[in-house]
Amino acid sequence: MTAGILFFVGVLLLAPAASAQGLFRSDALVLYDSTGKTVGTLSQPGNLEVVFRTGAGRTIFVVARAASLNGNANLYFSETGCSGSPFLTRADSGRQPSSHISGPRQTVHVQAGEFGRRRMQSALLADGRCVDSARTSDFARAVPAGIDLADYFTPPFQLRATPGEAIPTGAVAEPLDPTDRLVVYDANGKKVGATRADGVYAPAAAVVAVVTASGMTLLLTVDDSYLSGQAYFESTDCTGPPFIFDDGVGDHWANLVPVTTLVGPRRAVHAPSGNAATRTMSSVDYGSGECYILRNRIGIVGQTGRFVPLEPIGLELADYFTPPFTVRAGRGTRALPTPD
Amino acid sequence: MGLLVGAAALLAVALLAPAAAADTLFYADRLTVHDANGRMVGSAWPASGGMNVIIVEFRRGSTPVIVGVRPDGFIRGFLRFPNAGCTGQPLVDAFWGELYRYTAVVGPRSTVYVQSGAVRMWTKRSTLTADGRCNDHEPSRDLAAAVTAIGVNLADEFMPPFTTRTTAGAAVPLTAP
């Protein structure tokens, strides 16, 4: 009886102040196919690149989307009608080798030569259609990699963070572990989680993957002074029911993770709770503590667009993390060379 | 008998061979950047960066030093100075909050600078460009952070061109037919 009361009191003391569900750090952000097979490990900001190696020793960079795996470059041919020799453009990401994935079998072409100025006559699109399109640019010879990704993976694809250790609530200082790379810390010296530097985000923001007790993957965008996430309101003071802009839903991490955003000073995690509809919003909160009034092009309060209503999922990140945030490097990150 | 053996062989090939693939696919378990001499610059795993840049993370103590790498060398930034002629305290623009301590890779030897003072308003009167030229200009007052060279010149350590390498991990299983 006494033990039971003590257990109950312990649960009450350990339970988050307002969060009905727990939160876990993530050891890895992994892309899975529809059968649950691992496609690959992704970096943890917005770079959705998966890397493979073939038996012949070729490296293939693949860009993930919810419905398909894509190459990082475009495939052209020296003659019209996608005949003649195949060539690849430079990848937008700058990665070499360039790659292209096309057709229902997700057939892979990969770069097999150096880039040089050439004129092409046609292009093979990702959906397998051929279009005659004359273009002079830098191209490198391409070869079929002998890989059809449809032999390996079945769309759609989904990103899931692998749950690791439970994140305690409150102010708990935690040291860097020996294998840590880059870690986001809060004001109390508590780990928010691992991050990866990215040319687009650093040094302004970091993305950290965490997992809820219900298994939902959240990608937190961490600014130095707040957890970022925008919520729109029909009121002019960021009160009342919150909404998310529909375009933000459509392109939320390329549809690879569930749509969520953070609302209010307690950074309550919210998810869509209905369909998009045309509404007029008068204020927006990005999480910085400021409420911004929205105006249309002629200065009248209110912006009309497609917005989706939100509902809380029972998790308030203010129970866990206190701004401001900083990034520290652990010993898993390579030390700079020592000067002679 | 011969017909049976032939049919069995065909069946075995059909069952064992990938449906349409002449090569096999492996998960990559490392992505590293190497210099012209084969020396590893660092890990770029999982792939990060974009737009012609691959990101390699270093550290100085527990300070992250994030370096952008292109095939032809390190991405270099610029320094500001409070005095003309690129004299006085070296500074970097500090418009991006303070999540990361500010660092810079500057000049022909890709010299590494690390933040050594708080972000505050500074008056800037000259700029040392990425390739090491000094330009004097009208004073401008903006947020900046003092930085100090830490004695590391990346161009002395690593010689371009830089290339990426992967190593193969486990084989990717084929989809069940």
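This is a predicted model: local features need pLDDT of at least 70, side-chain atom pairs count only at pLDDT 80 or more; totals for chains, interfaces and linings use all residues.
**Figure 1. Chain A has two helices and 27 strands**. Chain A has 340 residues, and 49% of them are buried. Its accessible surface is about 15000 Å², with carbon and sulfur atoms holding 53% of that area. Among contacts in chain A with a separation of 6 or more, 64% are between residues 24 or more positions apart.

**Figure 2. Chain B has two helices and 13 strands**. Of its 177 residues, 43% count as buried. Carbon and sulfur atoms hold 60% of the accessible surface of chain B, which comes to about 8700 Å². Residues 24 or more positions apart give 60% of the contacts in chain B with a separation of 6 or more.

**Figure 3. Chain A and chain B bury about 5000 Å² between them**. Carbon and sulfur atoms give 57% of this buried area. In chain A, the residues that lose the most area to chain B are A:Arg53, A:Arg334 and A:Leu336, which together account for 15% of what that side buries. Counted by residues, 65 from chain A are in contact with 59 from chain B.

**Figure 4. Polar contacts across the interface of chain A and chain B join 27 residue pairs, both residues at pLDDT 80 or more**. On the side of chain A that touches chain B, the elements giving two or more residues are β2 (38-42), β3 (49-54), β4 (59-64), β11 (130-148), β15 (205-212), β16 (217-223), β26 (326-329) and β27 (334-335) of chain A. The number of salt bridges between the two chains is two.

**Figure 5. The side chain of B:Glu57 meets that of A:Arg181 in a salt bridge**. The N to O distance in this salt bridge is 3.3 Å. The side chain of B:Glu57 is also joined to that of A:Arg196, by a polar contact of 2.2 Å. Views of B:Glu57 can therefore show both A:Arg181 and A:Arg196, with the latter counted as buried because its relative accessibility is 6%, under the 20% cut-off.

**Figure 6. A:Arg196 lies in a loop of chain A**. The loop runs between β14 (191-195) and β15 of chain A. A:Arg196 has a relative accessibility of 6% and so counts as buried. From A:Arg196 to A:Pro86 the distance is 35 Å, C-alpha to C-alpha, and the two residues are 110 apart in sequence. The partner of A:Arg196 in chain B is B:Glu57, in a side-chain polar contact of 2.2 Å.

Figure 7. B:Leu143 counts as partly exposed because its relative accessibility is 35%, which falls between the cut-offs of 20% for buried and 50% for exposed.

How values were computed: Residues are numbered from 1 along each chain as its sequence is written. Chains are lettered from A and ligands numbered from 1 in the order in which they are written. Side-chain values use heavy atoms; hydrogens and water are left out. Buried means under 20% relative accessible area, exposed over 50%, partly exposed in between (1.4 Å probe, protein chains only). Contact means heavy atoms within 4.5 Å. Buried area is the accessible area (1.4 Å probe) that two parts lose on being put together, summed over both. A salt bridge is a side-chain nitrogen of Lys or Arg within 4 Å of a carboxyl oxygen of Asp or Glu. A polar contact is a pair of N or O atoms within 3.5 Å; within protein, one must be able to donate a hydrogen and the other to accept it, and residues adjacent in sequence count only if both atoms are side-chain atoms. Helices (H or I, at least four residues) and strands (E, at least two) are DSSP runs, numbered from the N terminus. Accessible areas come from the Shrake-Rupley method with a 1.4 Å probe; for residues, only the protein chains shown count as cover.
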